[in-house]
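The exercises below concern one protein model. Each gives a task, followed by a solution in steps.

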Amino acid sequence: MKIFYSRKIIVLLALLLVVSVLYKLALSNQKIDYNTQVKPIINKKCISCHGGVKQEAGFSLLFQEEALGLTESGKPAIIPGDPEGSELIRRITENDPDERMPYKHEALSEEEIEVFRQWIKEGAKWGEHWAYVSVKKQNIPDVENKWVRNDIDRFIYEKLEEQKLEPSEEADKATLLRRLSLDLIGLPASAGITKKYLQDNSDKAYENLVDELLASPRYGERWTSNWLDIARYADTRGYEADRGRIIWKYRDWLIKAYNSDKPYNDFLIEQLAGDLMPNPDDAKYIATAFHRNTMTNDEGGTDNEEFRTSAVMDRVNTTWSATMGTTFNCVQCHSHPYDPFKADEYYKFMAFFNNTRDEDTNADYPLLRQYDSQDSLKLVQLTGWLKSNASEALAKKYFNFLKTWQPTINSLQCDQFVNAALISSWFAGLRNNGTCRLKDVVLQDKTQLMFRYKTNFDGGKWSIYLDTLNGKLLKTVPLANTKGEWKIVTVPIPAEKGKRNLFFKYYSPVIKSPDDTGVQFEWFQFDVPFPGKGKPGYELALSNFNQLMQAKVDETPIMIENNREQFRTTHVFERGNWMVKGNKVEPGVPDIMNPMPANVPKNRLGMALWLTDKKNPLVARTMVNRLWEQLFGFGIAETLEDLGSQGIAPTHKELLDHLSWQFMNEYNWSMKRLLKEIVMSATYRQSSAVTEEKLKIDPNNKFYSRASRIRLSAEQLRDQALEVSNVLSKKMYGPSVMPFQPEGIWRSPYNGEKWKMSTGEDQYRRAVYTYLKRTAPYPSMMTFDGSARESCLPRRIRTNTPLQALTSLNDSTTLVISRSLALRMKELGGKESKVQISKGYEAMMFKPISAKKLKALSDLYAEALRKYKTDKTAMNQLMGAKDKPADPETASLVIVAGAMLNMDEWLNKN
């Protein structure tokens with residue numbers, strides 16, 4: 001027996017030796033690929049000590065020049081072509097645990113060591129990660145099969161053959177109708193579209209359905225829901241107070257952009273830099289609210305510059321995460337741990353965003369001011385008068401000022417308060433004889449001061465001194481009692497030179513209490529008087545200007561760039577600390593990426609043009625991957641948020657590149673054309689039925705041998721239920737709504753804001769319009785993996801929890817929908833319960849119900865009927881006092897409707 005076991009061990013050792021030799025022979029016969037063979041080992045075993053965060057012994061494997069450079073020993077660790085002379089090989093093969101690398105971790109395997117040795121022998125050639133190489137036109141696989149419908153299928157079929165898998169047959173028409181409707185418009189198709197498609201047996205039936213759904217105005221609402229996660233859209237400002245923010249016009253802009261099929265490059269440019277485009281209209285300004293969705297800290301005592309800086313950094317991180325699928329936020333404190341981005345490149349990119357006008361103000365300045373029709377006419381007339389009597393440039397200047405109140409200096413820039421304070425971190429407030437400073441004000445050629453203030457006291461005087469409180473008195477301004485209302489006042493000031501510090505002092509003889517705040521300032525503007533004095537119509541023009549300045553308007557937070565006087569320099573933050581400034585940097589993009597296009601400005605507009613340049617390797621891939629994920633449940637590269645070396649590699653890289661090339665070059669960035677190409681494929685149209693063999697080979701369906709079954713999003717679950725129960729409002733656009741929500745969800749400190757339930761059809765609007773409070777999002781949305789939108793969310797991770805079942809069964813909204821669905825079932829099915837149930841199922845699933853399901857639901861109906869015939873109290877409680885008719889039959893149908901709304905096939909997309 002011992003001899004037998006000894007022989008067995010010898011045989012096993014011999015086999016291992018043979019395998020090792022064969023592995024080395026295989027390596028020697030093929031070139032080592034840095035990206036697929038070397039980089040994964042580095043990331044897993046080496047980079048934590050020798051990368052962007054730490055460089056032990058002065059050795060880093062993050063960048064080629066660092067890896068091949070000199071270490072602290074004065075010698076390189078890697079000598080290309082000489083593995084045995086390379087310190088790296090010596091250390092990873094060392095037997096002494098104090099010398100061997102990785103230090104105090106598991107040793108590299110023989111295979112891993114051999115990869116390093118062979119790689120160095122071949123010259124230690126670096127490779128570029130696939131995602132940072134510009135998209136190139138792909139060769140279409142030479143696949144001939146009757147299953148194939150378009151080029152997507154050729155890429156898919158090629159991989160299926162490699163995995164010895166066969167594609168599935170096409171799903172039935174009813175399944176395709178529901179799948180396509182939910183994917184393209186987020187709702188079941190209308191009765192008219194449904195009937196038309198199911199009765200059309202022509203070869204064009206499916207394509208006609210695709211075209212009708214893409215043309216539906218509901219398309220824009222569905223895809224806007226997805227983008228709002230990315231844009232971190234909310235109706236509140238976040239942090240502790242989480243006060244309201246009126247920014248819903250940005251959501252309307254998105255819906256219109258999707259419905260008009262705005263090219264994706266324009267879609268991005270307008271959101272990132274619409275204000276910097278030539279002669280931007282209101283829509284382009286509103287588009288820039290994309291980056292005004294950053295959180296604002298309204299808590300008293302906070303540092304406004306800290307949270308302004310935080311917002312700027314969030315814009316950098318969101319731009320990279322949303323549009324380029326890159327974890328660029330990892331570069332704030334040090335070079336990226338895994339990808340080729342250096343710390344100073346983060347701050348060079350931040351410089352593009354560091355000169356926006358917003359400063360964590362109470363009013364969310366800058367704002368786009370939109371006048372009513374009468375005042376809009378006055379604005380047009382005023383602009384025309386200025387063109388005729390001043391100049392084109394001045395007309396544009398005053399037009400922009402009236403539309404935005406910019407440029408102004410916010411009073412939160414005041415400091416050196418004595419018997420004064422920055423009230424709520426927003427307003428410079430002065431008590432009697434209180435003083436403060438406003439530093440670095442450009443007074444050159446400025447002879448007019450405009451300011452916004454409020455006071456409750458008579459007889460107030462505001463004295464302005466140059467350089468110190470004992471300096472030259474520039475102006476004493478009488479301040480009339482505004483009775484606590486904000487008022488804009490204009491006064492002349494003497495001409496001065498250069499940039500000066502201004503000191504303010506306030507006094508009123510009627511103030512008796514030393515604790516009373518005499519005056520609050522919001523902003524100041526130093527300029528020249530209104531032009532055209534002495535010209536015909538001057539008095540009317542000036543009067544119209546002043547009236548328009550004070551007019552009540554709709555306002556939306558937008559992006560506006562600083563002028564030259566308010567320009568900010570950008571510095572590297574040492575170890576990511578905004579208070580410790582390092583080297584000054586200029587706007588720029590990372591070296592690994594495509595260079596800035598020639599002749600573009602070094603501002604946000606130039607950055608946006610760089611981003612959408614076809615040479616950019618990430619933007620098209622990221623959007624194609626996102627749209628694919630929305631249709632199939634997983635991206636071609638699963639980690640939408642990280643296409644870098646730590647992300648999950650694409651299963652079909654060539655297909656991703658093919659679609660990205662088509663998206664840019666053939667479809668001219670049309671999202672609708674790209675979506676149509678995907679949904680027209682045989683890959684998309686497959687049945688979701690699965691065999692044991694397919695589950696064994698490809699359990700997660702990464703090779704697409706079938707359609708995936710995917711749980712619907714929070715928005716789709718609500719919207720389809722409202723639609724099938726005939727209560728969904730068709731109303732589009734406008735302010736956010738507040739559907740039913742139990743008392744006590746909101747706890748709003750400081751402001752006393754409450755959830756005020758909407759009335760009428762606004763209770764039944766699509767989920768995209770639901771008011772979102774960051775600190776207390778709508779509960780059922782969060783239960784089904786919605787986002788609080790405090791930061792950009794490129795991908796929702798689907799979860800499966802008991803709370804979801806409790807919500808879909810017991811939520812008050814579900815009960816209301818069940819009542820409405822029951823009434824529709826009665827309307828469709830007459831008086832016979834089985835017919836009612838059958839018709840209800842057909843309305844939900846577009847196909848007849850099976851006998852087994854009908855029996856189960858009929859039995860449930862019969863059981864409920866027995867209960868409610870004897871228990872009137874329970875019946876009335878279920879139906880609610882206001883719902884008529886309250887009879888046992890209807891109540892029983894409500895129970896059945898509730899069960900149907902919880903069917904697995906209803907909650908999932910098949």
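A salt bridge is counted here when a side-chain nitrogen of Lys or Arg lies within 4 Å of a carboxyl oxygen of Asp or Glu. The model is predicted.

**Exercise 1. Salt bridges**

Task: Find the partner of E87 in a salt bridge, and state why the two residues are about one helical turn apart.

Solution: 
- Step 1. The partner of E87 is R91, with 3.5 Å between the closest N and O atoms.
- Step 2. The cut-off for such a pair is 4 Å, and E87 and R91 form a salt bridge.
- Step 3. E87 and R91 are separated by about one helical turn because they stand 4 residues apart in helix α4.
- Step 4. For the structure as a whole, the salt bridges come to 54.

**Exercise 2. A charged patch**

Task: List the residues of the patch of negative charge on the surface, and name the helix that gives the most to it.

Solution: 
- Step 1. The surface patch of negative charge brings together E158, E161, E162, E166 and E654.
- Step 2. With 3 residues, helix α6 is the element that gives the most to this patch.
- Step 3. Helix α6 covers residues 151–162, and E162 has its place in that helix.

**Exercise 3. Cavities**

Task: Count the cavities of 30 Å³ or more, then describe the volume and lining of the largest cavity.

Solution: 
- Step 1. There are 8 cavities of 30 Å³ or more.
- Step 2. The volume of the largest cavity is about 450 Å³.
- Step 3. Its lining is made up of 25 residues, and those nearest the centre are R222, Q630, S713, Q716 and R796.
- Step 4. At least two lining residues come from each of α10 (218–230), α20 (619–632), β14 (710–711) and α25 (714–724).
- Step 5. The largest share of this lining is that of α10, which supplies 4 residues.

Technical notes
Residues numbered from 1 in each chain as written. Predicted model: local features only at pLDDT ≥ 70, side-chain atom pairs only at ≥ 80, totals over all residues. Heavy atoms only, no water. Patch = residues over 30% accessible without salt bridge, like charges linked within 9 Å, V, L, I, M, F, W, Y side chains within 5 Å. Areas by Shrake-Rupley, 256 points an atom, 1.4 Å probe, with all protein chains shown as cover. Lys, Arg positive; Asp, Glu negative; His and termini not counted. Charge placed at Lys NZ, Arg CZ, Asp CG, Glu CD. 1 Å grid on protein atoms, 1.4 Å probe; cavity = no way out; pocket = protein on both sides within 12 Å on 5 of 7 lines; lining within 4 Å. Points joined across faces, edges and corners; volume = space filled by probe spheres on them.
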